[in-house]
Each structure stands twice: as C-alpha cells, then as structure tokens.
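Here is a short report on one protein chain, written for a reader who has the coordinates open.

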Amino acid sequence: MKAQRILTVAALVGAAACGISPTDVQDRGNAPTTRIPPPSKTIYLLKDGELILEPADVDNDTVGSLLGALFDASTKPLGNRDTALRGFTYIGIKDSLNPIQRDEVQLPRTSTLTVYIRGEGTLTKLGKAQIVCTAQQDAAFELVRIVRENENRPSKTEGRYTCGELK
C-alpha cells in the first residue's frame, strides 16, 4: 500500500514537472462522424419507348427498397426518361421462398416474388417490364408475379413474368 502511494505521488509530481497543468473535462463538441450514403442500385425506366437502366438511390440493399425507388420515380420529373407506372402505387412484396430449415442442405434457391401494386387504368407491357426487370436484378427470383390491390374490389393478378419475356 505504501509503495502504491509513493508511485502515485511520483506520477503526479512527474506530470506537474512536464509543464502541463491539469484541467477539468471540457466539452469540445460532437465526435467526428461520417455519413455513409445509401447503396446506389439501378432501376428500369423508359427512354424512347425502350427499357434503360438508371441509377437510383435507395434506403437499403433490398428488392423492396429498389421497387419503392422505381415507383417513386413516377412522381418526379425524369427529363428525357419516362415511366409507364404513373398512377400506380407500390404497396409491398412477398417472397414465396420458405426459410431454410436447420438440417436442410443449402442449394441455390429461386422463388416467385409477388409485387403488390395499387392504381387505376391499364398496366402496360412496358410497365410490367419495369417492375419485373427491376426485381429480377436479384437472381434469386425466377418469376415475378404482379397483383393489383384495389379498394372495394377483389385482387387482380396481372400475371407471372420473367424479364426476358417482357423485353
């Protein structure tokens, strides 16, 4: 115990001898931080009636976020690009893939992605292509099914598609 006190006193004398006087804790503002931008992915828009890939800033790296960005683009000015999804709203998605069981062998898996939308009017082949091709950038989805959910009416299936058959 005596040795500890001697070492503590020696440390204090040494610190005072270096010319730096001790101070109280001072607040100097926030710690330096960095903001990581959201991942940039691509969505399918239209240019001269043809599908084109365009970058889109999304909240996260999911198909749902990508489809949200696709439908959000229909509410913005697009310059020389266009969309066939004006008047339609993205509601959500459902993946038909069942979760892997504990002892199940993991194989490459594919599934059907169901995309739920709302809106009046005709969903054209180009509109379907925008949805399907944007979703199928995730190779896990073999088919994309589009379902229209409208108020006071039953759901309407717009079909099951692959990007290749709609291009």
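This is a predicted model: local features need pLDDT of at least 70, side-chain atom pairs count only at pLDDT 80 or more; totals for chains, interfaces and linings use all residues.

Take I131 first. Leaving out residues up to four places away in sequence, I131 touches L67, L70, F71, L85, V115, I117, L123 and I146. The largest nonpolar core has 34 residues, and I131 is among those with the most contacts inside it, along with L67, L70, F71, V115 and I117. Elements giving two or more residues to this core are strand 1 (40-47), strand 2 (50-57), helix 2, strand 3, strand 4 (111-119), helix 3, strand 5 (141-148) and helix 4 (163-166). Helix 2 supplies the largest share, seven residues.

Now Q130. Its side chain meets that of T83 in a polar contact of 3.1 Å. T83 sits in the loop between helix 2 (63-73) and strand 3 (88-95). Is T83 buried or exposed? T83 has a relative accessible area of 6%, which is under the 20% limit, so T83 counts as buried. A polar atom of the T83 side chain also lies 3.1 Å from the backbone nitrogen of L85. Beyond its neighbours within four places in sequence, T83 is in contact with L45, L46, S74, L78 and Q130.

## Salt bridges

The structure holds five salt bridges. Three of them are tabulated here.

| Pair | Closest N to O distance |
|---|---|
| R148 and E158 | 2.9 Å |

E54 belongs to strand 2 and R81 to the loop between helix 2 and strand 3, so the pair ties together parts 27 residues apart in sequence. E54 is buried, at 17% relative accessible area. R81 is partly exposed, at 25% relative accessibility.

R153 is partly exposed, with a relative accessible area of 43%. E120 is exposed, at 54%.

R148 and E158 form another salt bridge. R148 lies in strand 5 and E158 in strand 6, so this pair ties together parts ten residues apart in sequence. Both R148 and E158 are buried. Salt bridges with shared partners join R148, K156 and E158 into one network.

## The whole chain

The chain has four helices and six strands. Along the sequence they follow the pattern α-β-β-α-β-β-α-β-β-α. Of the 167 residues, 33% count as buried. Among contacts between residues at least 6 apart in sequence, 56% join residues at least 24 apart. The accessible surface comes to about 11,600 Å², and carbon and sulfur atoms account for 52% of it.

Technical notes:
Residues are numbered from 1 along each chain as its sequence is written. Side-chain values use heavy atoms; hydrogens and water are left out. Buried means under 20% relative accessible area, exposed over 50%, partly exposed in between (1.4 Å probe, protein chains only). A polar contact is a pair of N or O atoms within 3.5 Å; within protein, one must be able to donate a hydrogen and the other to accept it, and residues adjacent in sequence count only if both atoms are side-chain atoms. Contact means heavy atoms within 4.5 Å. Accessible areas come from the Shrake-Rupley method with a 1.4 Å probe; for residues, only the protein chains shown count as cover. A nonpolar core is a set of buried Ala, Val, Leu, Ile, Met, Phe, Trp, Tyr and Cys residues joined through side-chain atoms within 4.5 Å. A salt bridge is a side-chain nitrogen of Lys or Arg within 4 Å of a carboxyl oxygen of Asp or Glu.
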